[in-house]
Amino acid sequence: MAASDHLSKGQWRQMTFPGMGRIKREQPMYERTHKGGYKLSYGQEVYRKNTSDPYTVHHIAATHRGKEVGRIEWDERTSEIGHIEVNEKHRRKGIATAMYNMARSLPTKEKLGHAPERTDLGDAWAKTTEDYYPRVRDEHGNMLDIWGND
């Protein structure tokens, strides 16, 4: 999804993607301020592949001066981080960790965790968290030797 697709506070809309059905974006449910003037907002998107079996994707967006500069998303079915990104200009300011900590503190039924497949940058960040475990695949889907065997 392009950055322009992200919604500001209080807005929602329904969209249709091929093969996905409708998506309803909910207004932010929780907000928090992070040092440096960053605002973190939690929301949900409800996806329907067809008329049954809806599932929710949770997200936290970090904004600075009204523009989205970071985002973390996770699917309620796996409770794994599906996507985390911070704009290059805003990295190394604790934004990814603040979004992650906020996500872990939310009153959701699932406990958020790291996905086993991560990019090098994502893995480097995951190592800074308290619940790190080695990734098993790289960003290209290649199996990694996490046990030290050749």
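## Close-up views of a predicted model

The structure holds 2 aromatic pairs, where the rings of Phe, Tyr and Trp (its six-membered ring) pair if their centres lie within 6.5 Å. This is a predicted model, in which local features need pLDDT of at least 70, side-chain atom pairs count only at pLDDT 80 or more, and totals for chains, interfaces and linings use all residues. Residues are numbered from 1 along each chain as its sequence is written, and side-chain values use heavy atoms, with hydrogens and water left out.

**View 1. The chain and its elements.** Starting at the N terminus, their order is β-β-β-β-β-β-β-α-α. Of the 150 residues, 36% are buried, meaning under 20% relative accessible area with a 1.4 Å probe, protein chains only (exposed is over 50%, partly exposed in between).

View 2. Planes over 60 degrees apart count as edge-to-face, under 30 as stacked and the rest as tilted. Y100 sits in helix 1 and W125 in helix 2, so the pair links parts of the chain 25 residues apart. Y100 is buried at 2% relative accessible area, and W125 also counts as buried, at 15%.

**View 3. The largest nonpolar core.** Here you can find a set of 21 residues. A nonpolar core consists of buried Ala, Val, Leu, Ile, Met, Phe, Trp, Tyr and Cys residues joined through side-chain atoms within 4.5 Å. L40, I60, I72, W74, M99 and L112 have the most contacts inside this core. Strands 4 (38–48), 5, 6 (67–75) and 7 (81–86), helix 1 (95–105) and helix 2 (120–126) each supply at least two of its residues. Helix 1 gives the largest share, 7 residues.

**View 4. Around L40.** Which residues does L40 contact, leaving aside neighbours within four places in sequence? They are Y30, E31, R32, H34, I60, A61, A62, A98, M99 and M102, where contact means heavy atoms within 4.5 Å.

**View 5. H59 in strand 5.** H59 lies in strand 5, residues 54–64. Is H59 buried or exposed? With a relative accessible area of 11%, H59 is buried. Not counting residues up to four places away in sequence, H59 touches S41, Y42, G43, Q44, E45, R71, I72, E73 and W74.

Note on methods. Helices (H or I, at least four residues) and strands (E, at least two) are DSSP runs, numbered from the N terminus.
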